Amino acid sequence: MIKTIRNLQINKRIQSNILIRMVLSFIITIAINTSLSILFFHFGNATKLDWVFNFLAYLLTPMFFIIFVITFFTLTRRIVKDLIALEQGLQIISEGDLSYRVNVVRQDELGLVALNINRMAERLEQQIIKEREIEKSKMEMITGISHDLRTPLTSIIGYIELLRTESYQDKKEYTRFIQNTYNKALHLKKLLDDLFEYTRLNSADSRLNLERIDLSQLLNQLLFEFEPIAQENNVHLIKDIDKSPIITLIDSEKIARAIDNLLMNALKYSISPGSISIRITTDSEHCTIEIENKGTPLSQDQENRLFERFYKVDHSRKSQGIQTGAGLGLSIARNIAELHKGTLTLKHTHDVFTFQLRLPFGEDC
């Protein structure tokens, strides 16, 4: 209804604009025509020439139309100029120059048309930029996947070749080759799992299997499984988790994946020997899991890009003995948080890193 009223107002403005110019042209034409008629009349009386009066009778009507047309064209010259500017602007934009903007400043329908043309060009330009970024992102994804998968696969092929040709000295070396092959295969599987999970989370049909879960119990279970890995890397876990249940409506499998990714990230980049602190807090609507560790400080650019897919910080910061991933762990964790209408953020102060996973309790919890 509002849109209809607005259109009616615009139409009324258009009609008024044209009508005013026609009336002005008519008034000016009558004034000029009358003045010329009086002039001819006085000239005829002064010269006593009858043919002037006869000629005037035939001249009045065509002269009126000629004066009216010239006057109307003069009064509407600005409108015609703006229409030409719109036509030229559309021509330039249609030829591919989407950065061009039509410079028509009016408060009527021509100004609205110019505004819409500029909006159209801007949206098309943004869409093309976005498509180029998507294409670039796809190429970076393919390059990243190829590089990350090739490294363990090359190692597996190398060890299998050594085993196939029996290029080992004794049973101990044979066992070591077998174990290294198995570890590289597990690493390859982890990379593929991360890639599959990232693709699934970013697909349009991604769904959550929501259940009422005790988040405190889930976190304790994950830490129980994670603690031996931390001890192997000389890292101590400091837990501050309330024993009382914290019931939330979540997809437990995905949240467990997000928390595990955050724990592994903290372990990879913790100073060894060191510690990782895990806290859980609640307010009226949200619960927050904080995972904190000390590590080598990041630059501002590294901090800004930390959640980008396939982004990995300098390899020198990685803990020894922990295999590198595909750079998807934090991106996957953030996607999982956003699917739950929550957030995942980083607070970085000097050498202290605090990841905050904030989740809503959900309905009826």
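Biologist: Among contacts between residues at least 6 apart in sequence, what share joins residues at least 24 apart?
Modeller: That share is 70% in this protein. Keep in mind that this is a predicted model.

Biologist: Okay, and how many helices and strands are there?
Modeller: The protein has nine helices and seven strands.

Biologist: How much of the protein counts as buried?
Modeller: Of its 365 residues, 36% are buried. The accessible surface comes to about 23300 Å², and carbon and sulfur atoms account for 58% of that.

Biologist: Let's talk sheets. What is the strand order in the open sheet of five strands?
Modeller: The order is β2-β4-β5-β7-β6, and the pairing is mixed. β2 (235-240) and β6 are the edge strands, each pairing on one side only. From one strand to the next, the twist averages 15 degrees.

Biologist: Do β2 and β4 run parallel or antiparallel?
Modeller: They run parallel, joined by six bridges. In that pair, Ile 238 sits opposite Ser 277 of β4.

Biologist: Which helices pack on the sheet there?
Modeller: α6 is one of them, touching β2, β4 and β5, and its direction makes about 165 degrees with that of β2. α7 also packs on the sheet, where it touches β2, β4, β5, β6 and β7. The direction of α7 makes about 20 degrees with that of β5.

Biologist: Why is β5 described as largely enclosed?
Modeller: Because seven of the nine residues in β5 (residues 286-294) are buried, the strand is largely enclosed by the rest of the structure.

Biologist: And which way does β5 pair with β4 and β7?
Modeller: With β4 (residues 274-282), β5 pairs in the antiparallel sense over seven bridges. The pairing of β5 with β7 is antiparallel too, over nine bridges.

Biologist: How many residues are in the hairpin link from β4 to β5?
Modeller: Three residues make that link.

Biologist: Switching to α9. Which of its residues are buried?
Modeller: In α9 (residues 329-339), the buried ones are Leu 330, Ser 331, Ile 332, Ala 333, Asn 335, Ile 336 and Ala 337.

Biologist: What covers them?
Modeller: The cover includes α5 (171-201), α7 (252-268), β6 (343-349) and β7 (352-360).

Biologist: How do α7 and α9 pack?
Modeller: They pack at an angle of about 145 degrees, and their axes are 9 Å apart. The crossing of α7 past α9 is left-handed. On the α7 side, residues making the contact include Ile 255, Ala 258 and Leu 262, while the α9 side includes Leu 330, Ala 333 and Ile 336. By class, the contact has seven nonpolar, three polar and two charged residues.

Biologist: What happens just after α9?
Modeller: Lys 341 takes a positive phi there, about 60 degrees.

Biologist: Last topic: is Ser 216 buried or exposed?
Modeller: Ser 216 is buried, because its relative accessible area is 2%, under the 20% cut-off. Ser 216 lies in α6 (residues 215-232). Leaving out residues up to four places away in sequence, Ser 216 touches Ile 241, Asp 242, Ser 244 and Ile 246.

Biologist: And β3, which residues are on its covered face?
Modeller: Thr 248 and Ile 250 form the covered face of β3 (residues 247-250), with Ile 247 and Leu 249 on the uncovered one. β3 pairs with β1 (residues 211-214) in the antiparallel sense over four bridges, and Asp 214 stands opposite Ile 247.

Key: Residues are numbered from 1 along each chain as its sequence is written. This is a predicted model: local features need pLDDT of at least 70, side-chain atom pairs count only at pLDDT 80 or more; totals for chains, interfaces and linings use all residues. Side-chain values use heavy atoms; hydrogens and water are left out. Buried means under 20% relative accessible area, exposed over 50%, partly exposed in between (1.4 Å probe, protein chains only). Helices (H or I, at least four residues) and strands (E, at least two) are DSSP runs, numbered from the N terminus. Contact means heavy atoms within 4.5 Å. Axes are lines fitted to C-alpha atoms, for helices over the stretch in contact, and angles run from 0 to 180 degrees between N-to-C directions. A crossing is left-handed if the near helix is turned anticlockwise from the far one by less than a right angle, and right-handed if clockwise. Ala, Val, Leu, Ile, Met, Phe, Trp, Tyr, Cys and Pro count as nonpolar, Asp, Glu, Lys and Arg as charged, and the others, Gly among them, as polar. Two strands pair if DSSP finds at least two bridges between them. Accessible areas come from the Shrake-Rupley method with a 1.4 Å probe; for residues, only the protein chains shown count as cover.
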